[in-house]
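Here is a short tour of a protein chain for you to follow alongside the picture. Take your time, and look for each residue as its name comes up.

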Amino acid sequence: MDLTNERILKQSLQSGNEKAIAFLMDQYHQRLCSYAFSLSTDYELSKDMVQNVFIKLWEKRGEAEKIISIKSFLYRSVHNSLIDHWRKNKRILSIEGKHLETLTQLIENESDEVLQAQIKLVNREIEKLPPKCKATFLMRKKEGLTVMEIAEVMNVSKRTVEAHINKAFNLLRKRLGDKVNSVMFLFFRPV
């Protein structure tokens with residue numbers, strides 16, 4: 001049985017073949033955890049979200065034939081789980097629609113390898129930022145702190161924080177160009 005064939009995989013899943021869910025977990029668990037972590041920066045939350053996605057897929061395995069692309073389904077499910085989590089914690093803003101649209105385009109148009117390479121490139125360039133600029137940028141974009149909270153933590157003015165964030169974005173745009181804008185958008189959760 002060739003589980004790399006999407007049609008056979010869906011049929012196996014739908015019939016309750018545990019090898020199908022094991023195959024999917026082998027193929028996607030680590031990738032989905034990395035993806036979830038890139039959005040949430042919470043390792044335990046990321047693992048829980050991915051585990052829950054696989055549990056829900058198994059519970060609804062009878063509807064597997066309705067899934068157009070299992071890969072897209074898994075990534076969207078992780079994303080939607082994070083959105084639900086953020087809503088419960090009141091951390092989602094109005095750019096959610098744009099975020100989901102960009103996510104969908106990325107998943108459908110980019111291979112895992114290309115996406116992972118772009119994420120690594122963004123991480124490398126962030127590491128090259130000047131120390132204060134990098135720290136400010138990460139507090140804002142990864143930890144979700146407000147400009148005021150960052151100013152208090154760093155014991156600087158609000159204007160200094162804004163200057164560091166703007167400098168970081170300008171340097172990253174200059175170094176990375178347009179080709180990774182969507183990854184930059186997805187890599188950092190909305191704040």
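**Overview**

Of the 191 residues in the protein chain, 41% are buried. Keep in mind that this is a predicted model. The chain has 10 helices and zero strands.

**The chain as a whole**

- The accessible surface of the protein chain is about 10,900 Å², and carbon and sulfur atoms account for 50% of that surface.
- Take the contacts between residues at least 6 apart in sequence: 69% of them join residues at least 24 apart.

**The nonpolar cores**

- In soluble globular proteins, nonpolar side chains tend to be buried together.
- Here, the largest nonpolar core has 28 residues, and Leu 24, Leu 32, Phe 54, Leu 74, Val 78 and Leu 82 have the most contacts inside it.
- Two or more residues of this core come from each of α1 (6–14), α2 (18–40), α3 (43–59) and α4 (70–88).
- The biggest contribution to this core is from α2, with 10 residues.
- Setting aside neighbours within four places in sequence, Val 78 touches Leu 32, Tyr 35, Ala 36, Val 50 and Val 53.
- There is also a second, separate core of nine residues, including Val 122, Cys 133, Leu 138 and Leu 172.

**How α1 meets α2**

- The axes of α1 and α2 come within 7 Å and cross at roughly 125°, so these helices are oblique to each other.
- On the α1 side, Leu 9, Ser 12 and Leu 13 meet Ala 20, Ile 21, Phe 23 and Leu 24 of α2.
- By class, this contact of α1 with α2 has six nonpolar residues, one polar residue and no charged residues.

Definitions and conventions
Residues numbered from 1 in each chain as written. Predicted model: local features only at pLDDT ≥ 70, side-chain atom pairs only at ≥ 80, totals over all residues. Heavy atoms only, no water. Core = buried A, V, L, I, M, F, W, Y, C linked by side-chain atoms within 4.5 Å. Buried < 20%, exposed > 50% of the residue type's maximum accessible area, 1.4 Å probe, protein only. Helix = DSSP H or I, 4+ residues; strand = E, 2+ residues; numbered from the N terminus. Contact = heavy atoms within 4.5 Å. Axes fitted to C-alpha atoms, helices over the stretch in contact; angles between N-to-C directions. Parallel < 35°, antiparallel > 145°, perpendicular 65-115°, else oblique. Nonpolar A, V, L, I, M, F, W, Y, C, P; charged D, E, K, R; others polar. Areas by Shrake-Rupley, 256 points an atom, 1.4 Å probe, with all protein chains shown as cover.
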